[in-house]
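Subject: Structure for your review

Dear colleague,

Please find the structure below, together with an account of what was found in it. I would be grateful if you would read the notes with the coordinates open.

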Amino acid sequence: MDQLSNYGDKRTLAYCAFCSGETGTRDHCPSRVFLDEPYPKNLPVVPACSKCNAGFSLDEEYFACFISCVIAGTTNPDEIPREKTKRLLAEKPLLRARIDKARAVSNGRTVFQPEHDRISGVVIKLAQGHALFELHESCARRPDNFACVPLELMGEQERFEFENPQGSEVWPEVGSRAMQRLVELGPGTQRSGWLEVQPDRYRYHASIGSGIEIRIVIHEYIGCLVWWK
Ligand SMILES: [Zn+2]
């Protein structure tokens, strides 16, 4: 993906994007488990402490595998088309068993009950990374609003509003990537300014107006919205 340099206040980048502790490592945002090889060039990275950098990986694997299983309607690796999650499910029987336990049949359809704490932890972490990378805003705290819904379960109006966020009234910090995109493309483009990291795999939208708002779509299956006042 195109990557702009960040000319914002460097002090924001001196701390972990997720806990605002001392940073020592850099973390890919989005995590590569949500993307397929070959990876896009210039993947965004944010500063992270070693604890946060390593602390989410099992939950990220769980979330990526969970999405693949829901889309395929099975936890059987042989029936999972996505190579990366197929391999993880085959190599990690405990992970597969845990997702399998959440499976039920309702009205003749296979449904899965996600582990909400694990999924919300991952989505909030992704959103914190995007806020720091795009908007130069540190959001190392619990968000004020959080939602994560399969796109197909959104009503027509809800889906339209999710895909077409209102333009922000406040401009992002001077020097931040979002501000550079706004200046390059013109203010109108902020409205539909989704950033595609990898087609059909991962896209996100970052805006600042009445709060910091991050929207994420993973595998064109699940839509997430994270908002801080
Ligand atoms: Zn941290």
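**Packing of α2 and α5**

Helices α2 and α5 pack with their axes 9 Å apart, at an angle of about 105°. The two helices therefore count as roughly perpendicular to each other. Please bear in mind that this is a predicted model.

The contact between them involves L58, D59, E60, Y62, F63 and F66 on the α2 side, and R118, I119, V122, V123 and K125 on the α5 side. Charged residues within this set also pair with one another, as set out next.

**Salt bridges**

How many salt bridges does the structure hold? The count is 14. Three of them are described here.

The side chains of D59 and R118 form a salt bridge, with an N to O distance of 2.6 Å. Because D59 belongs to helix α2 (residues 57–72) and R118 to helix α5 (residues 116–135), this pair ties together parts of the chain that are 59 residues apart in sequence.

Are K125 and E60 buried or exposed? Both are buried.

The third pair is found elsewhere in the chain. E163 forms a salt bridge with R203, and the closest N and O atoms are 2.9 Å apart. Since E163 is part of helix α6 (residues 156–163) and R203 is part of strand β7 (residues 202–209), this pair ties together parts that are 40 residues apart in sequence. E163 is buried, with a relative accessible area of 16%, and R203 counts as buried too, at 11% relative accessibility. As for shared partners, salt bridges join D59, R98, E115 and R118 into one network.

**The zinc site**

Which residues supply the protein donors of the zinc ion? They are C16, C19, C49 and C52, each through its SG atom, at 2.3 to 2.4 Å from the ion. Along the chain, the donors follow the spacing C-x2-C-x29-C-x2-C.

Why is the arrangement of the four donor atoms described as tetrahedral? The angles that they subtend around the zinc ion run from 100 to 116°, and the assignment requires all angles to lie between 85 and 135 degrees. For reference, the ideal angle for four tetrahedral donors is 109.5 degrees.

C19 counts as partly exposed because its relative accessibility is 36%, while C49, at 13%, counts as buried.

**Helix α3 and its surroundings**

The axes of α3 and helix α4 (residues 93–101) come within 5 Å and cross at roughly 100°. That angle makes α3 roughly perpendicular to α4. The residues that meet are L89, A90 and E91 in α3 and P93, R96 and I99 in α4.

Within helix α3 (residues 83–91) lies K84, a buried residue with a relative accessible area of 11%. Which residues does K84 contact, apart from its neighbours within four places in sequence? They are R32, V33, L35, D36, E37 and Y39. For one of these, E37, the C-alpha atom is separated from that of K84 by 8.8 Å, with the two residues 47 apart along the chain.

**The chain as a whole**

The secondary structure of the protein chain comprises seven helices and nine strands. The chain has 229 residues, of which 49% count as buried. Among contacts with a sequence separation of 6 or more, 66% are between residues 24 or more positions apart.

With kind regards

Key
Residues are numbered from 1 along each chain as its sequence is written. This is a predicted model: local features need pLDDT of at least 70, side-chain atom pairs count only at pLDDT 80 or more; totals for chains, interfaces and linings use all residues. Side-chain values use heavy atoms; hydrogens and water are left out. Donors are N, O and S atoms within 2.8 Å of the metal (3.2 Å for Na, K and Ca); water is not among the atoms, so sites may look incomplete. Four donors count as tetrahedral if all angles lie between 85 and 135 degrees; four count as square planar and six as octahedral if opposite donors are over 155 degrees apart and all others between 65 and 115; anything else is irregular. Buried means under 20% relative accessible area, exposed over 50%, partly exposed in between (1.4 Å probe, protein chains only). A salt bridge is a side-chain nitrogen of Lys or Arg within 4 Å of a carboxyl oxygen of Asp or Glu. Helices (H or I, at least four residues) and strands (E, at least two) are DSSP runs, numbered from the N terminus. Axes are lines fitted to C-alpha atoms, for helices over the stretch in contact, and angles run from 0 to 180 degrees between N-to-C directions. Angles under 35 degrees count as roughly parallel, over 145 as roughly antiparallel, 65 to 115 as roughly perpendicular and the rest as oblique. Contact means heavy atoms within 4.5 Å.
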